[in-house]
Amino acid sequence: MQLVATLHGWIRSVRPGDEEMASVFEASPAPISLAGGSVTVILLHGFTGSPAEMALLATALHAKGYAVEVPLLVGHGTQLNDLLPVHPQQWVDQVDGVLRSQLARGQQVVLGGLSMGSILALQAALRFPEIRGLMLYSPPIGSRDVRRFFAPLLTRLVKTVAKPPCDYADPTTVDRLWSYDRYPVICSSLVLRLIAQVRRQLTAVHQPMLVIASRRDNVVTERGVRRLIDQAGASSKQLVWLERSSHAITADAEWPLVCERSLGFLSSLASPELPARPCNPGDAPVQMY
């Protein structure tokens, strides 16, 4: 499966000449807005990331007739200092604004998110029962980073900490992403509180959901992903495990399969207003709940 990104302005340049890859893009953190049919898919990027990490998926969905919105979350896409004073409530309010805007236009809405974006999606689902479905990529219900246990202490000692190694399966992934290279400590501690709050509310989430995660993810735990599937109140839950990708599954080696499974999930929500597309079987196992 080969997709060519043609989004308005998010590609800054193309570096030709490497025989081992079709093309490499230098990504921009600009928000993405693509007009489409009566269904809007809102995609939320991760903590310290940007809409660039959702660009390939946005392109794939738009090519099949969906409208796509990928907002740039407050404090992101500029410099790390801009993220230091941000409170997660600002992202919650921002996501609510995008949702209300789309619903007010009469759009059907499906909400997706990568990493922290998936947490924001889950929380929004509690407030907006109108959301048709959730697509959750690398959801950090459980974290591998032991520094989370020392978060209260770290907030008193340092302003930022280094990120874990990226460990991309596809080395060109880094060229498709735009993100800060460190975590802001106080904001990170607030994100951990947000995740803990969402964990306690999983049984109240009733929208159909697709969860895609990688067994090689060095950020989130398999146990946490299983907890999400086991405790979420949705009657329809699909879990797809990838075997090669890093945490950034929407941009790493298996991104075409992520797109394919996402389109298949959207097709499963089909109504007369939803564009339909059959999902071709892939290598990744799909578990139905």
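Which elements do the buried residues of α2 pack against? They pack against β4 (39-44), β5 (67-70), β6 (108-114), α3 and α5 (185-200), where contact means heavy atoms within 4.5 Å. The views below are of a predicted model, in which local features need pLDDT of at least 70, side-chain atom pairs count only at pLDDT 80 or more, and totals for chains, interfaces and linings use all residues. Residues are numbered from 1 along each chain as its sequence is written, and side-chain values use heavy atoms, with hydrogens and water left out.

View 1. With 17 residues, α2 reaches 24 Å from its first C-alpha to its last, close to the 24 Å expected at 1.5 Å a residue; the expected span is 1.5 Å times one less than the number of residues. Pro-88, Trp-91, Val-92, Val-95, Asp-96, Val-98, Leu-99 and Gln-102 are buried in α2. They cover an arc of only 165° around the axis, which puts them on the same side of α2; the arc is that of the directions from the helix axis to the C-beta atoms. Look to the other side of α2 for Arg-100 and Ala-104, which are exposed. Here buried means under 20% relative accessible area, exposed over 50%, and partly exposed in between (1.4 Å probe, protein chains only). Gly-106 follows α2 and has a positive phi, near 85°.

View 2. Asp-96 forms a salt bridge with Arg-127, and their closest N and O atoms are 2.6 Å apart. Asp-96 counts as buried at 6% relative accessibility, while Arg-127 is partly exposed at 33% relative accessible area. A salt bridge here is a side-chain nitrogen of Lys or Arg within 4 Å of a carboxyl oxygen of Asp or Glu.

View 3. All six of the six residues of β10 (residues 209-214) are buried, so the strand is largely enclosed by the rest of the structure. Met-209, Val-211 and Ala-213 point one way, whereas Leu-210, Ile-212 and Ser-214 point the other way. In a regular strand the side chains alternate between the two faces of the sheet. β10 pairs in the parallel sense with β7 (residues 133-137) over four bridges and with β11 (residues 237-242) over six bridges; two strands pair if DSSP finds at least two bridges between them. Follow Val-211 across the sheet: Leu-136 has Val-211 as its bridge partner in β10, and Val-211 has Leu-239 as its bridge partner in β11.

View 4. The whole structure holds five salt bridges. Arg-216 forms one with Asp-167, the closest N and O atoms being 2.8 Å apart. Arg-216 sits in the loop between β10 and α6 and Asp-167 in the loop between β8 (160-162) and β9 (182-184), so the pair ties together parts that are 49 residues apart in sequence. Arg-216 is partly exposed, at 30%, and Asp-167 is partly exposed, at 40%. Asp-170 forms a salt bridge with Arg-176, with closest N and O atoms 3.0 Å apart. Finally, salt bridges that share partners join Arg-215, Glu-222 and Glu-243 into one network.

Note on methods
Helices (H or I, at least four residues) and strands (E, at least two) are DSSP runs, numbered from the N terminus.
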